[in-house]
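Please consult the sequence and the coordinates shown below while reading.

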Amino acid sequence: MLSTAEADRLLATLHQVGRVETVPLAQAAGRCLAQNVLADRDGPPYHRVAMDGYAVDASENLGTWIVRGLQMAGKPPQERKGPATAFEVSTGAVLPGGCDAVVRYEDTKRTGDTVYLKPGILLPLPGSHVHHQGTDYHKGDQLLASGLILRSPHLHSLASAGTDPVSVVSRPRWALAATGDELVEVRDQPLGWQIRRSNAAAILGEATAWGLRPDTETVLPDNGESLKEGLEQLLPGLEVLVLTGGVSAGRLDLVPEVLTQMGAQTLFHKIDQRPGKPLWCGQLGSTVLFGLPGNPVSSLFVFRRYVLPWLLACEGRPLAETRVRVQGLKPPTGHQTVFLPWSREHGVLDWKGSGDFLALADSDGFIEVDAEPRSLSEPRVHQWGGYW
Ligand code: AMP
Ligand code: MG
């Protein structure tokens with residue numbers, strides 16, 4: 001049976017980065033930048049007053065000045081009104097012509113129009129509290145490079161360079177479809193033999209935590225003909241379809257069979273792992289298909305372990321491998337790769353198998369204990385996404 005590493009390698013052959021779209025600057029955080037961003041002006045674009053106070057000519061070596069004029073932020077620059085004069089200035093203003101330093105309010109006393117340094121305060125030096133034009137970057141400099149994942153500080157650069165909208169790598173257009181005749185909607189009252197469907201809620205929650213909301217979320221029946229009809233309606237225009245349920249060995253686990261009949265090529269079916277062994281992956285035309293096992297823990301684990309990193313990679317946001325130290329981990333039985341619920345505080349958590357979603361309540365994610373040799377002291381960890 002396929003190992004986890006072989007499945008990863010096969011999945012990597014299906015990466016489809018490249019499509020680019022523009023989004024408003026306000027929606028660009030977390031996206032992969034698909035353009036270089038150049039400065040359209042110097043940074044700062046003028047000699048910027050960096051403190052509220054008085055602009056002076058430090059070369060005069062004075063400690064007392066007559067205040068002549070006000071240069072506030074957002075106003076065109078003015079010229080100094082003669083020797084021994086100061087301009088009252090605000091942070092963000094253009095330094096008035098003829099001045100080369102700023103004295104902070106808190107270092108001065110003022111009587112009428114006369115301002116002087118408090119006792120013990122040194123005379124200003126040229127450049128004091130002035131953020132000179134072009135000290136940070138020059139017009140034409142590259143501020144941000146294509147391929148960068150945009151975080152809040154980068155948005156300063158984009159905004160300052162007038163970049164709105166922003167070119168980013170497109171997110172895959174994907175849909176989530178649950179299968180199972182036993183499933184009813186969350187708000188419905190199940191009959192004794194039915195359950196409320198919860199896989200979609202959990203997977204959608206995880207995907208959304210990483211900024212990857214599906215375009216569509218639906219349910220398909222277990223009956224072969226109706227399943228095929230449902231798939232035919234759902235597939236057009238989709239880049240990725242994630243199904244849950246119907247990929248195991250049961251009589252009505254028809255997902256791989258129906259998709260193959262429709263012309264899908266199987267990339268792999270079954271991975272030597274638990275939970276999540278029945279995972280199926282294939283391709284129909286240009287649509288990539290994932291058939292996740294229906295058990296609640298299995299579906300969430302394999303979504304987080306395989307599908308989410310794959311979707312992120314398609315969007316230019318590959319996930320780095322992270323590992324965590326775990327104390328006293330006993331070798332799991334068997335030879336498969338094993339995923340175990342894990343919390344930062346308590347380490348590996350007890351659980352009763354792949355239907356036991358409640359056991360995940362305290363988890364921060366799950367660890368991956370490799371098949372031989374077992375990675376017992378520092379296994380990989382797959383953490384749940386944070387919410388933002
Ligand atoms: P399957 O993979 O279709 O054989 O389903 C395995 C188990 O997971 C069964 O007990 C199903 O009832 C359950 N299951 C399947 N789909 C869902 C779902 N969307 N939400 C909750 N449980 C599910
Ligand atoms: Mg089923």
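Where is the place of Pro165? In this predicted model, Pro165 belongs to the loop between α2 (152–160) and β12 (166–169). The peptide bond that joins Asp164 to Pro165 is cis, with an omega of about 0 degrees.

A cis peptide bond also joins Arg274 and Pro275, and its omega is about -5 degrees. Pro275 is found in the loop between β19 (273–274) and β20 (280–284).

**Positive phi angles**

Asn61 is not a glycine, although its phi is positive at about 55 degrees. The loop that holds Asn61 runs between β4 (53–56) and β5 (64–71). Asn61 counts as exposed because its relative accessibility is 56%, and the cut-off for that class is over 50%.

His129, likewise a residue other than glycine, has a positive phi near 55 degrees. The place of His129 is in the loop between β9 (114–117) and β10 (130–131). Is His129 exposed or partly exposed? With a relative accessibility of 32%, His129 counts as partly exposed, because this value falls between the 20% and 50% limits.

**Backbone angles by site**

| Site | Angle |
|---|---|
| Asp164–Pro165 | omega about 0 degrees |
| Arg274–Pro275 | omega about -5 degrees |
| Asn61 | phi about 55 degrees |
| His129 | phi near 55 degrees |

Definitions and conventions:
Residues are numbered from 1 along each chain as its sequence is written. Chains are lettered from A and ligands numbered from 1 in the order in which they are written. This is a predicted model: local features need pLDDT of at least 70, side-chain atom pairs count only at pLDDT 80 or more; totals for chains, interfaces and linings use all residues. Side-chain values use heavy atoms; hydrogens and water are left out. Helices (H or I, at least four residues) and strands (E, at least two) are DSSP runs, numbered from the N terminus. Buried means under 20% relative accessible area, exposed over 50%, partly exposed in between (1.4 Å probe, protein chains only).
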